[in-house]
Amino acid sequence: MVDIPDKDLLAPGHRGCAGCGASIAVKLALNALGENTVAISATGCLEVMTTPYPESSWEVPFIHVAFENSGAVASGVESALRIQGKDDVNVVAFGGDGGTVDIGLQSLSGAMERGHNMLYICYDNEAYMNTGIQRSGATPYGASTTTSPKGVASFGEDRPKKNMPMIMAAHGIPYVATASIAYPEDYVNKVKKAASIDGPAYIHLQQPCTTGWGYPSEKTIEMGRLAVETGSWILYEIENGEFEITYRPEERKPVKEYLAPQKRFKHLDEEHIEKIQKYVDAECKELGL
Amino acid sequence: MVVMMVTIGCVIKNPGNSRNNKTGSWRTFKPVLDKEKCIDCDNCILFCPDASVNKQHDIDYDYCKGCGICANECPSDAIEMVKE
Amino acid sequence: MVKEVMTSNKAVAEAVRLAKPQVIPVYPITPQTTISEYLAQYVADEKIDAKYVKVESEHSAISAAVGASGAGVRVFTATSSQGLMLMHEILYAAAGMRTPFVLADANRAISAPLNIWNDQQDSIAQRDAGWLQIYVENAQEALDTTLMAYKISENPNVLLPSMVCLDGFILTHTVEPVEIPDQESVDKFLPPYVPEHAFLDPKEPMSIGNFADPDYYTEARYAMQVAMDNSLDVIQETCDEFAEIFGRKYGLVDAYKTEDAEIIFVAMGSLCSTIRVIVDQLREKGEKVGLLKIRAYRPFPVEAINEAVANCEKIAVIDKNFSFGIGGALYADMKVKIDKEIYGFIAGLGGRDITPDSIIEAYEKTKVPEKDVTWIGLKEE
């Protein structure tokens with residue numbers, strides 16, 4: 001069971017789409033971390049929808065600087081807090097997949113390598129959603145985005161999803177995990193565990209996006225569930241190098257069930273769906289799902 | 001000539017004042033909860049993107065955008081999306 | 001009070017030690033490198049109580065600086081040339097977010113072609129970022145200006161970051177005697193940074209670095225112009241206070257033999273040392289010449305300049321930078337704001353020596369002008 005606070009630390013009134021997964025992601029994380037938290041965000045949906053001057057949805061101290069540097073900004077914030085003796089304040093940086101996996105990779109890598117005591121949460125909606133659904137390094141194989149569109153000679157994104165959690169694990173940080181907003185207990189437990197660790201922690205959270213993925217707004221959580229139940233998104237954690245799956249679907253559903261309801265995959269033919277199924281099967285096998 | 005000044009660096013010093021923006025005006029459908037059917041699973045509270053369901057499962061129509069996630073995730077079908 | 005022979009880089013590091021910043025994110029680059037090394041050693045030896053953040057690039061150095069300053073502590077960083085260019089995006093953010101920290105720039109040419117030696121194009125390329133820019137002539141001034149920069153930037157009527165510009169290699173790697181102020185006097189001059197406008201404290205949450213639509217953006221930028229205007233007085237007041245405590249006098253500009261000069265040289269940085277010698281030489285020959293050293297380039301000190309050049313006929317501006325088709329930046333700014341006959345000279349690019357002959361050439365080509373802008377010492381076939 002997830003504790004429900006008296007006051008949500010991400011206030012309503014923000015400009016997120018109806019059914020926005022990012023706001024669910026951040027609300028759950030902040031509520032789990034509590035008021036003794038400073039939040040950093042990269043440019044993206046989250047920042048833009050929560051801080052249109054003069055209004056802000058953030059009930060905790062918040063700073064945004066640019067698109068590619070939330071890792072570095074968080075490093076500066078963390079250093080400033082610790083030198084003042086504020087060792088108990090949670091430092092949490094949020095970045096979208098664009099601001100984490102692509103343009104933000106370097107500054108995040110540096111932050112993790114330096115061992116700052118902070119948590120980085122990538123809210124991965126699998127494209128640059130804020131600017132209108134352009135592909136990112138986290139866009140899955142076969143997805144149609146505006147810069148990897150389906151076309152006469154194209155089936156959409158032709159590259160597999162960059163394996164960001166494993167890249168983070170390779171930095172040797174004490175805690176890496178994947179999560180989904182559809183599994184809030186698993187997610188919140190991971191946030192709490194990460195916060196309790198003295199050192200860098202990384203959570204890669206898949207966040208379905210109604211506008212970008214093309215499904216009716218009420219199905220945001222359902223899409224997240226389908227991703228996990230088909231093995232398209234695997235929930236695990238790596239604590240001090242020890243890998244463990246944290247949720248096993250009873251019976252893995254065929255990926256078709258996950259792809260079919262989303263406009264971004266609607267164009268895929270049998271051949272490509274087969275390919276995706278094979279890829280998912282291989283991933284699941286490798287991770288022991 | 002008086003220039004309207006913003007705060008230094010456009011800093012926002014009223015945390016959570018996005019509450020001034022009543023996003024309830026966005027919706028076309030609104031969720032209606034039948035408390036008799038409610039089993040207190042709290043899915044609606046957890047999954048609401050706009051923090052518009054409180055601990056007593058009352059829906060805050062000032063902010064509810066009518067996304068329908070709560071209705072979709074209610075295990076006891078206690079929430080119905082009703083046209084405004 | 002100790003006097004020691006040291007490079008301008010060490011002088012900057014000493015000033016930083018005395019200023020007691022709490023976060024120092026810095027990335028090495030020639031010829032700033034020894035600043036980052038001195039500071040690392042000071043932190044390792046507990047001479048500064050700070051977090052030394054071993055960032056992985058200059059973009060991250062400046063980003064961490066904004067993060068830490070936004071969080072509410074005093075911050076220092078330093079860079080040069082390519083590093084400063086890599087910081088460009090975030091320099092604007094720092095100024096727009098009104099994070100008042102100090103950056104030392106070891107002036108160096110910008111690639112391409114790649115060149116590690118001195119000119120001023122790197123800091124000039126940042127002149128519209130909203131930072132204060134002060135150009136120093138020697139090691140003592142490098143130390144003094146770094147200290148003053150904190151007081152100026154942190155002034156509630158300013159709250160803009162400051163860039164202390166020192167010529168790469170010419171200053172960073174040559175030694176001079178420097179008086180190191182004592183900590184007690186510095187503490188009196190420069191109290192701790194206690195921000196009111198922006199900080200990150202869970203006890204008093206606020207949002208920093210927000211999104212501003214067309215209804216607000218213009219006023220946010222205008223407010224920075226106002227702050228820059230305020231800084232003219234603040235710079236002079238701070239210099240006066242510094243003089244009272246430490247005995248060394250500075251200002252927005254430094255006028256040398258300008259009152260009765262017919263032609264006045266205008267320049268920034270270490271070049272002024274050479275020009276001053278030439279001014280004396282020319283004076284011995286009966287030439288009525290003077291030097292106006294510009295210390296504060298941003299804010300551009302129109303009033304102070306006008307006062308110094310009031311009686312002259314012509315002005316010779318020597319720039320170690322240029323804008324294509326226009327001339328040097330200092331020349332261009334003077335042409336816009338100063339109502340005098342002004343000639344521009346471009347010299348010293350990529351570390352090419354500005355010799356006494358170069359300066360005399362500039363003088364002659366102002367006395368008998370051929371064109372508006374002249375490249376000095378250009379090698380022709």
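Predicted model: local features only at pLDDT ≥ 70, side-chain atom pairs only at ≥ 80, totals over all residues.
Chain C was assigned two domains, domain 1 spanning residues 2-246 and domain 2 spanning residues 253-375. The centres of these two domains of chain C, taken over C-alpha atoms, are separated by 27 Å. Their contact involves 28 residues of domain 1 and 20 residues of domain 2. On the domain 1 side, helix H5 (121-124), strand E6 (132-135), strand E7 (162-167) and helix H8 (217-246) of chain C each supply at least two residues. H8(C) gives the most to this side, with five residues. By class, the domain 1 side consists of 15 nonpolar, eight polar and five charged residues.

Within chain C, helix H3 (residues 58-71) and helix H4 (residues 81-96) have axes that come within 7 Å and cross at roughly 25 degrees. Because of this angle, H3(C) is roughly parallel to H4(C). The crossing of the two helices is right-handed. From H3(C), the contact includes Glu58(C), His59(C), Ile62(C), Ser63(C) and Val66(C). These residues meet Gly83(C), Leu86(C), Met87(C), Ile90(C), Leu91(C), Ala93(C) and Ala94(C) of H4(C). Eight nonpolar, three polar and one charged residues make up the contact between H3(C) and H4(C).

The contact between chain C and chain A takes 38 residues from each of the two chains. In chain C, the elements that give two or more residues to this contact are strand E2 (23-25), strand E3 (51-53), H3, H4 and strand E9 (207-208). H3(C) provides the largest share of the chain C side, 10 residues. The side of chain C that touches chain A comprises 21 nonpolar, 11 polar and six charged residues. Strand pairing also links these chains: strand E2 (residues 62-64) of chain A pairs with E9(C) in the parallel sense over two bridges. In this pairing, Ile63(A) stands opposite Ile208(C).

Chain A also contacts chain B, with 32 residues of chain A meeting 31 residues of chain B. Helix H1 (21-33) and helix H9 (220-229) of chain A are the elements that give two or more residues to the chain A side. The largest share of that side, four residues, comes from H1(A). The side of chain A that touches chain B divides into 14 nonpolar, 11 polar and seven charged residues.

An open sheet of six strands is present in chain C, with the order E10-E12-E11-E14-E15-E16 and mixed pairing. Strand E10 (253-256) and strand E16 (373-375) of chain C lie at the edges and each have a single partner strand, so one side of each has no neighbour in the sheet. On average, neighbouring strands of this sheet are turned by 20 degrees against each other, direction ignored. E10(C) runs antiparallel to strand E12 (residues 289-294) of chain C, and four bridges join the two strands. Ala255(C) has Leu292(C) in E12(C) as its bridge partner.

Two helices of chain C were found against the strands of this sheet. Helix H11 (residues 329-337) of chain C lies across strand E11 (263-267), E12, strand E14 (314-319), strand E15 (341-346) and E16 of chain C. H11(C) runs at about 150 degrees to E14(C). Helix H12 (residues 356-367) of chain C packs on the sheet and touches E11, E12, E14, E15 and E16 of chain C. The direction of H12(C) makes about 145 degrees with that of E14(C).

Notes. Residues numbered from 1 in each chain as written. Chains lettered and ligands numbered in written order. Axes fitted to C-alpha atoms, helices over the stretch in contact; angles between N-to-C directions. Parallel < 35°, antiparallel > 145°, perpendicular 65-115°, else oblique. Left-handed = near helix turned anticlockwise from the far one by under 90°. Contact = placed C-beta atoms within 7 Å. Nonpolar A, V, L, I, M, F, W, Y, C, P; charged D, E, K, R; others polar. Pairing = 2+ DSSP bridges. Domains from an automatic or database assignment.
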